[in-house]
Amino acid sequence: MENELQETICYLLSSQRLGVLATSQEGQPYTSLVGFAFSEDLKQLFFATKKGSRKFNNLQNDPRVSLLVDSRNSNTDLDQIFAVSAFGNARDVTGLERQKLITSYLDRHPGLGEFVESSNCALVRIKVRRYALVRQLVVVGELGFDA
């Protein structure tokens, strides 16, 4: 079951390029549309944002986030729509690690090269604690990682 769940999550993340990031702003949820990339083992997600943006400032105050990715734009039949929520902690990636991750991020988002390479851009990594997969508006399964 876990292997099938992992394959479904990987397929969904591979088939979509945008997700909805939820951060916390003064105790209230704040959502943003972000272009994301992910590691092969699914334990990390990445997105780019301007330093000083609302979502970036929210992360500085509270690193806990969730990212929702769904297939509603590629399916009209409710039975075929999947959604996955990733839960974890986010932080800005710097130095050599940032340069390494930029390559994989730009593989998925080649049009964002100038933005991602700018000094005003933060590349943020979410260390995923768990995923919740939903189909037909019912939780199908959860996949967790040891901290």
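Select Arg91, Glu97 and Arg125: salt bridges link them in a network. A salt bridge here is a side-chain nitrogen of Lys or Arg within 4 Å of a carboxyl oxygen of Asp or Glu. The model is predicted, so local features need pLDDT of at least 70, side-chain atom pairs count only at pLDDT 80 or more, and totals for chains, interfaces and linings use all residues. Residues are numbered from 1 along each chain as its sequence is written, and side-chain values use heavy atoms, with hydrogens and water left out.

**Salt bridges**

Stay on Glu97 and Arg125. Their closest N and O atoms are 2.3 Å apart. This pair links distant parts of the chain: Glu97 sits in helix H3 (residues 95–108) and Arg125 in strand E6, 28 residues apart. Helices (H or I, at least four residues) and strands (E, at least two) are DSSP runs, numbered from the N terminus. Colour by accessibility next. Buried means under 20% relative accessible area, exposed over 50%, and partly exposed in between, with a 1.4 Å probe and protein chains only. Glu97 is partly exposed at 31%, while Arg125 is buried at 14%.

Move to Arg130 and Glu142. Their salt bridge has its closest N and O atoms 3.2 Å apart. Arg130 is in strand E6 and Glu142 in strand E7 (residues 138–144), 12 residues apart. Arg130 is partly exposed at 32%, and Glu142 is partly exposed at 49%.

Now pick Arg64 and Asp62. In this salt bridge the closest N and O atoms are 2.8 Å apart. Arg64 is exposed, at 55% relative accessible area. Asp62 is buried, at 13%. The structure has 4 salt bridges by this rule.

**A buried lysine**

Select Lys55, in helix H2 (residues 54–61). Contact means heavy atoms within 4.5 Å.

**Ser53 and the cysteines**

Go to Ser53, in the loop between E3 and H2. Ser53 is buried at 17%. Its side chain makes a 3.0 Å polar contact with that of Thr49. A polar contact is a pair of N or O atoms within 3.5 Å; within protein, one must be able to donate a hydrogen and the other to accept it, and residues adjacent in sequence count only if both atoms are side-chain atoms.

Cys121 is buried at 2%, whereas Cys10 is partly exposed at 27%.

**The nonpolar cores**

Finish inside. A nonpolar core is a set of buried Ala, Val, Leu, Ile, Met, Phe, Trp, Tyr and Cys residues joined through side-chain atoms within 4.5 Å. The largest has 27 residues; Leu13, Leu45, Ile126 and Tyr131 touch the most other members. Strand E6 (121–135) is among the elements that each supply at least two residues. E6 gives the largest share, 6 residues. Centre on Ile126: its contacts beyond four places in sequence include Leu21, Leu45, Phe47, Val65 and Leu67. Last, select Phe46, Ile102, Val116 and Leu123, which belong to a second, separate core of 11 residues.
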